[in-house]
Amino acid sequence: MPKRRGWRWTVWTLVGVLVAGAGLTGLTVWQNTYALREETVALRYDGKSLKGVLARPDRGPGPFGLVVFVHGDGPVDATHETFYRPLWEAFARAGYASLSFSKPGVGGSEGAWLEQSMDDRAEETLAAVRWARSRPDIDGRRIGLWGASQAGWVLPKVAVRDRRLQFVIAVSPAVNWLRQGRYNLLAELGRDGASDREKETALRRRDVVLDLLRRRASFAEYRVTVGDTEGMTAARWAFIAENYRSDATADLRAVPGTPLLLVLAGHDVNVDVAETEAVYREALPGTSLSVARYPDATHSLVDHDVERSDWRLTATAIFAPRRLYTDHFLADQARFVRQLNHGEGAR
């Protein structure tokens, strides 16, 4: 599944420089201070140590409900380069703590995330849930999952294996790796103004790559056949070869009525949201499924107008980071979990 990390990396590397130049350190510190108590934590799993953050509401002893974060693609650290903190704060206002572990090989966690299958990621998430249930400040009856993008292949697996979960929130989730990859390729080419000939060339290249995957070709053969590897590495090739057949449909059908909020964005070039919604509606009972649509949002639920302007994106990240997300998204996340505790059903 293609994934670009560029805009968040650019934003946060520019923060320090721009703040110093503008002389607005006090304002920036205030805007980037959250009503949270963050604790660095560690989980021993599969012989390796995972480093993470437990972010509790800033007041009260608990026990709190808990949202366990499941990352999308890429080398994601526990805070997602601070991108998660506005979400953690929103959940804290609803009485929920948040738990997030850096991927293996990232942020002090041992291992290598590119060596994981989606089943590996699901087992790792289940270990995090078990770890949380052992803590006296966490209410084991009120633990749910929040995951985005590639987590769409992980969340249903976890929900099937742990029927005690209170809820699942799936943000721009993937369903089928192969169909999504084709959609993403054409959507990005269309956005960038590619010609029909360029699209045909890209699809032919994709067919060649898929044939190599089906034949279990080595990275060396891939490199010789394709030529320009466009940043592909041997480790990434092995990860794709392990996971490119991923499809969430069967796991979704086995989810045991756990309340699930499906979050869809109107400007998503990574995921075909129409197909995603159709699959979720067919696989899950209407009594358990809620759907929230954000027509002005991108795949990351960032406001589309903000994301397409480098200066607006950088300024918003520095001076009003909560406003990176599209309107109402943060409040709706908190409302969903709050309603679960008041007996309100899916919408």
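**Entry 1: aromatic rings**

I began with the aromatic side chains, and I found that F69, Y84, W88, F91 and W146 form one aromatic cluster. For this I counted rings of Phe, Tyr and Trp (its six-membered ring) as a pair if their centres lie within 6.5 Å, with planes under 30 degrees apart called stacked, over 60 edge-to-face and the rest tilted. I note here that the model is predicted, that local features need pLDDT of at least 70 and side-chain atom pairs pLDDT 80 or more, while totals for chains, interfaces and linings use all residues. Residues are numbered from 1 along each chain as its sequence is written, and side-chain values use heavy atoms, with hydrogens and water left out.

Searching the whole structure, I found 17 aromatic pairs. I then looked at Y294 and F329, whose ring centres are 5.7 Å apart and whose planes stand at 90°, so this pair is edge-to-face. Y294 belongs to strand β8 and F329 to helix α14 (residues 329-340), so the pair ties together parts that are 35 residues apart in sequence. Both Y294 and F329 are buried, where buried means under 20% relative accessible area, exposed over 50%, and partly exposed in between (1.4 Å probe, protein chains only).

**Entry 2: the whole protein**

I listed the secondary structure next, and it comes to 14 helices and eight strands; helices (H or I, at least four residues) and strands (E, at least two) are DSSP runs, numbered from the N terminus. Of the 347 residues in the protein, 55% are buried. I also looked at contacts, meaning heavy atoms within 4.5 Å: among those between residues at least 6 apart in sequence, 73% join residues at least 24 apart.

**Entry 3: the sheet**

In which order do the eight strands of the open sheet stand? I read the order as β1-β2-β4-β3-β5-β6-β7-β8, with mixed pairing, and two strands pair if DSSP finds at least two bridges between them. β1 (36-45) and β8 (289-298) stand at the edges with a single partner strand each, so one side of each is left without a neighbour in the sheet. Neighbouring strands of this sheet are turned by 20° against each other on average, direction ignored; axes are lines fitted to C-alpha atoms, for helices over the stretch in contact, and angles run from 0 to 180 degrees between N-to-C directions.

I followed β1 to its partner β2 (residues 48-57), and the two pair in the antiparallel sense over ten bridges, with K51 of β2 as the bridge partner of A42.

Helix α4 (residues 118-133) lies across β1, β2, β3 (64-70), β4 (96-101) and β5 (138-148), running at about 120° to β1. Helix α11 (residues 273-283) packs on the sheet and touches β6 (167-171), β7 (260-267) and β8, and its direction makes about 165° with that of β7.

Helix α7 (residues 196-214) has 19 residues and reaches 27 Å from its first C-alpha to its last, which I compared with the expected span, 1.5 Å times one less than its number of residues; the expected value is 27 Å, and the helix is close to it. Which residues of α7 are buried? I found A202, R206, V209, L210, L212 and L213. They cover an arc of only 155° around the axis, which puts them on the same side of α7, the arc being that of the directions from the helix axis to the C-beta atoms. On the other side of α7, D196, R197 and R214 are exposed. The buried residues of α7 pack against α6 (177-191), α8 (219-226) and α9 (234-243).

In α8 the buried residues are F219, Y222 and V226. Seen down the axis of α8, they fall within an arc of 55°, so they line one face of the helix. What covers them includes α7 and α9. I finally checked what follows each helix: after α7 comes R216, with a positive phi near 55°, and after α8 comes G227, with a positive phi near 85°.
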